[in-house]
Amino acid sequence: MVKPLNQNLIFRVPSTCISRQNKLYHFHTKTQLIQRLQDCNDITSVSFSHTNVLKSGFLNDTFTTNHLINSYVRFRRTNDANQLFEEMREPNVVSCTSLMAGFINVRRPKSALLIFGKMLESRVLPNAFTFATVVNACSMLADLRTGQKIHSHVETFGVQCNLVVCSSLIDMYGKCNNVDDARRVFDGMDYRNVVSWTSMITAYGQNALGECALQLFREFNGLPLSSPNHFMLASVINACASLGRLVSGKVAHAAVIRRGHESNDVVASALVDMFAKCGCIGYSDKVFRRIPDPSVIPYTSMIVGAAKYGLGKFSLDIFKEMLDRRIKPNDVTFVGVLHACSHSGLVDDGLEYLHSMHKKHGVVPDTKHYTCVVDMLGRTGRLDEAYQLAKSIQVEPDQGALLWGTLLSASRLYERVDIAVEASKWLIESNQQVAAAYVTMSNTYAMAGKWENVHSIRYEMKHNGVYKEPGCSWVEIRDSAYVFYAGDVSLCARGSEVASLLRELERRMKERGYVGGSRGLVSVDVEEEAKEEIVGLHSERLALAFGLISIPKGVTIRVMKNLRMCRDCHEAFKLISEIVERDFVVRDVNRFHHFENGSCTCRDFW
């Protein structure tokens, strides 16, 4: 017979079962909170989840708090993320690295470096992602000294073989103008991916080593299964732009089309810039018009390119189109707009754009904008206004070189010795553009007939060991660049034929009333002393003559030059274009000149 159940008997659940249930409850609650944080699609939902984390008692849980920090970082609320970090009992490497990445995303690299410094003082050890992040902070600051210290920590912690860290180091050294160390890191890598190759190619391009960038790209293409991404192609196109290598640029453009990157903003902007810098503004416009929904970047590239080509009205029309589409201009956009006004003599328009920058568009003018305005005023002979504007701007020595160099060039053009002396003094005392300042000052005195001052400056240059950059020009034929130096005929390609053609052209120009050597050397960035026979051997003339005998008729000759084209050569090129019935484009350090039928697109205003 079964005994009746004792009604007073109490069943007790073992304590181990309760503990297990609590753990399961906490685990599910924690999992749900983390899932909600990951699913947050706005800052309001993050704040709500933060409240739930607090109520649930998980704010002291490092894992959960890290997800909360990541959520704030994702929506660029780094101050909130930092507050959480400061209140954490036991932050770990993920906490530190996430916050550092957040600071970098909002362009606060110094704050990221401070977090890294605290890590080194604590027991939290950095990992490879931490190092890649802090190296990126040094890249943003172009802080070579700190970058080198962090590189030594990379070696100490044994992550020098990590792919991401190495790619970040290459990028950092490139941005700090230390290409040799970037290459050492690159060469020391056991394995490289497209990111590391792109970083090295970009480092070369950023440091005016375009040929090295193109050579490395050719090496990459020779690898099995290699496929460049749009970042690499953009870097290669930028290298072609800096070199004026149109053929290489077209090859890169073909690669862009094959891989379907033509509508990418970064790539399209690079193509617009490259074709413009190679003297093909029509190609730039075609690429630009094919972009489905262009942003401020390709618009700015097109505005700047047209401005450099002297197409001021066209440049301003593009700017107006951009505003009509409600695309907000940035500071670089306004540099292009002011440059367009400067090179087209649109002074009143330029001043109006300057005054509207902050009022209408929220862009505060800085030194580069005022430099454009000084140039604009100087070109039209309003030297006193340009001088007063330059004096009124407070700039650091490393930022004022272009400003005062621009004023110096304008004062030379209008024989204003008084302003030229002030501008030269500023440049020399600040150790900026010293050689150009001396040479321009010398030429200004020469124009004014003050030969004692000329000789004094020449003596001072030699005494101080200051030497002017030699003038050189180059022309590209079948993807090969032929370089020519002023006065050097014997060593240039097809030298005897070049010299013979130049003599013949000189004779035919004189028949049309040309008088060489009279004005060309009284100019900024002149190449030699005022001797007619030397003027006739300026580097751009040698390059043009070589192009005339090497490039078939009907093909535009494109000459690149590292200095400003002098007025004498400018007059000669106009005449030559009429004599030989061909058109050619010259890209000097300032702008483009397109010569055709005896005239130039700059209308003698540059």
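Predicted model: local features only at pLDDT ≥ 70, side-chain atom pairs only at ≥ 80, totals over all residues.

Student: How far apart should the ends of helix 13 be?

Tutor: The expected span of a helix is 1.5 Å times one less than its number of residues. Helix 13 covers residues 230–243, which is 14 residues, so it should span 20 Å. Its end C-alpha atoms are 20 Å apart, which agrees.

Student: Is helix 13 buried or exposed?

Tutor: Buried means under 20% relative accessible area, exposed over 50%, and partly exposed in between (1.4 Å probe, protein chains only). Eleven of the 14 residues of helix 13 are buried, so the helix is largely enclosed by the rest of the structure. Among them are His230, Met232, Leu233 and Cys240.

Student: How does helix 19 read by the same steps?

Tutor: Start with its ends. A side-chain oxygen of Asn330 reaches to within 3.1 Å of the backbone nitrogen of Val332 at the start of helix 19. Gly345 follows the helix, and its phi is positive, near 70°. The 13 residues of helix 19 (residues 331–343) should span 18 Å, and the end C-alpha atoms are 19 Å apart, which agrees.

Student: What covers the buried residues of helix 19?

Tutor: Ten of the 13 residues are buried, and the helix is mostly covered. The buried residues include Phe334, Gly336, Leu338 and His343. To find the cover, look for contacts, meaning heavy atoms within 4.5 Å. The cover includes helix 17 (296–308), helix 18 (312–324), helix 20 (347–361) and helix 21 (367–379).

Student: Where do nonpolar residues gather?

Tutor: In soluble globular proteins, nonpolar side chains tend to be buried together. A nonpolar core is a set of buried Ala, Val, Leu, Ile, Met, Phe, Trp, Tyr and Cys residues joined through side-chain atoms within 4.5 Å. The largest one here has 138 residues, and Met200 and Leu407 have the most contacts inside it. Helix 13 gives this core its largest share, nine residues. At least three residues come from each of domain 1 (192–293) and domain 2 (366–468), with bounds from an automatic or database domain assignment. Another core, of 34 residues, lies apart from it and includes Ala499, Leu548, Cys569 and Phe573.

Student: Which residues does Leu407 contact?

Tutor: Neighbours within four places in sequence are left aside. Leu407 is then in contact with Val374, Leu383, Ala386, Tyr387, Ala390 and Ile419.

Student: What does Ala410 touch?

Tutor: Ala410 lies in helix 23 (residues 397–413) and counts as buried, at 8% relative accessibility. Not counting residues up to four places away in sequence, Ala410 touches Gly378 and Leu383. The C-alpha atoms of Ala410 and Val374 are 8.9 Å apart, although these residues are separated by 36 residues along the chain.

Student: And what does Ser248 touch?

Tutor: Ser248 is in helix 14 (residues 246–258). Its relative accessibility is 9%, so Ser248 counts as buried. With residues up to four places away not counted, Ser248 touches Leu214, Cys240, Glu476 and Asp479.

Student: Where does Ala142 lie?

Tutor: Ala142 is in the loop between helix 7 (128–141) and helix 8 (144–156). Ala142 is not a glycine, yet its phi is positive, about 50°. With a relative accessible area of 41%, Ala142 is partly exposed.

Key: Residues numbered from 1 in each chain as written. Heavy atoms only, no water. Helix = DSSP H or I, 4+ residues; strand = E, 2+ residues; numbered from the N terminus. Polar contact = N/O pair within 3.5 Å; in protein donor to acceptor, adjacent residues only side chain to side chain.
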